[in-house]
Amino acid sequence: MIPLREPVIAPALTTGPVSNNCVTGASVQPGDMLVLFHGKDFYDAASLTAPDGTIPSVDWTLRATGDAGVNKFHIKAWTAVAAVSGVHSIHGTSTGTNDSTHYAHMFVVDGDGLNLTVDDAAGSNGGVTTAHVIPSLNVLGSDDKYLASSGAGPDQSGDYTPPGGLTKDVEQDNTGASTMASYSQDLVASGATGARTVTFSAAEAYATVAVAIRGVESGETHAGTGTAGIGIDATSTGDKL
């Protein structure tokens with residue numbers, strides 16, 4: 001099992017050219033993998049540009065895009081490896097007209113004693129339906145950390161129900177317009193993961209992305225925090241209790 005360094009980070013929703021900052025705790029260490037799912041509920045996927053405002057600086061790589069089409073939901077999956085320890089502050093960016101809603105969900109994968117790499121990543125999309133499909137990945141590792149996100153909009157918000165084995169770590173709503181949720185799972189075998197279908201409470205067009213993180217022992221003792229599967233469920237104004 002590859003643990004998360006800390007629970008998923010999900011700042012309040014915002015409109016404008018940038019998302020609110022994802023601010024990590026001070027526990028981040030060199031070699032940790034930052035995984036940012038940046039979603040927007042209108043315009044086009046091309047307007048979602050590379051993350052910025054990173055303190056300290058990291059190099060971001062686009063891994064996958066889920067694109068439901070023009071004026072629908074879009075998600076991009078970005079990864080970066082921390083080079084120094086301490087707090088990191090990151091936000092997603094966009095170009096063009098900036099009155100749509102930004103979602104930013106960031107995971108910090110614990111790289112203590114491991115060399116972390118992206119084993120596979122993919123994005124998908126679909127029309128108006130309640131069955132939102134996260135694409136299958138092909139992984140080399142037998143204990144990868146699997147991370148995914150799904151978004152629906154811009155016509156209605158709702159609630160996502162994941163299949164067995166997949167933990168919903170966070171869900172946020174732009175009430176009446178859109179919803180985005182992110183998930184994690186500890187894989188137990190190499191090969192094809194198979195698609196995962198998350199059920200939305202309303203029929204809506206959707207976008208999904210998934211990333212698998214592989215860890216190769218670096219010769220050090222692994223001492224992770226084991227915080228995988230911590231659930232957060234939030235709206236743009238506060239937690240959904």
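Strands β1 (4–9) and β9 (101–109) pair in the antiparallel sense over three bridges; two strands count as paired if DSSP finds at least two bridges between them. Strands here are DSSP runs (E, at least two residues), numbered from the N terminus. This is a predicted model, in which local features need pLDDT of at least 70 and side-chain atom pairs count only at pLDDT 80 or more, while totals for chains, interfaces and linings use all residues. Residues are numbered from 1 along each chain as its sequence is written, and side-chain values use heavy atoms, with hydrogens and water left out.

**Strand β9 and its partners**

- In the pairing of β1 with β9, I9 stands opposite M106.
- Strand β2 (residues 14–15) is also antiparallel to β9, over two bridges, and T15 stands opposite T101 of β9.
- β4 (33–40) runs antiparallel to β9 and is joined to it by eight bridges; V35 stands opposite F107 in β9.
- Nine of the nine residues of β9 are buried, where buried means under 20% relative accessible area, exposed over 50% and partly exposed in between (1.4 Å probe, protein chains only).
- One side of β9 carries T101, Y103, H105, F107 and V109, and the other carries H102, A104, M106 and V108; both faces are covered.

**Nonpolar cores**

- A nonpolar core is a set of buried Ala, Val, Leu, Ile, Met, Phe, Trp, Tyr and Cys residues joined through side-chain atoms within 4.5 Å.
- The largest such core has 24 residues, and V35, F37 and V109 have the most contacts inside it.
- At least two residues of this core come from each of β1, β4, β7 (74–81), β9, β10 (114–134) and β17 (196–217).
- The strand that gives the most to this core is β17, with four residues.
- A second, separate core of 18 residues includes L137, Y160, A181 and L187.
- Leaving aside neighbours within four places in sequence, V35 is in contact with W78, T79, H105, M106, F107, V109, L147 and I213; contact means heavy atoms within 4.5 Å.

**Aromatic rings**

- A search of the whole structure finds four aromatic pairs, a pair being two rings of Phe, Tyr or Trp (its six-membered ring) with centres within 6.5 Å; planes under 30 degrees apart count as stacked, over 60 as edge-to-face and the rest as tilted.
- F42 and Y43 form an edge-to-face pair, at 5.0 Å centre to centre with 80° between the planes.
- F42 counts as partly exposed at 29% relative accessibility, and Y43 counts as partly exposed at 21%.
- F73 and Y103 form a tilted pair, because their ring centres are 5.5 Å apart and their planes are at 50°.
- F73 lies in the loop between β6 (61–67) and β7 and Y103 in β9, so this pair ties together parts that are 30 residues apart in sequence.
- Both F73 and Y103 are buried.
- R196 lies over the face of Y146, at 4.6 Å from the ring centre; a charge sits over a ring if NZ of Lys or CZ of Arg is within 6 Å of the ring centre and within 35 degrees of the ring normal.

**The open sheet**

- Three strands form an open sheet in the order β3-β8-β5, with antiparallel pairing.
- Its edge strands are β3 (22–23) and β5 (48–55), each of which pairs on one side only.
- β5 and β8 (residues 89–94) run antiparallel and are joined by four bridges, with D52 opposite H91 in β8.
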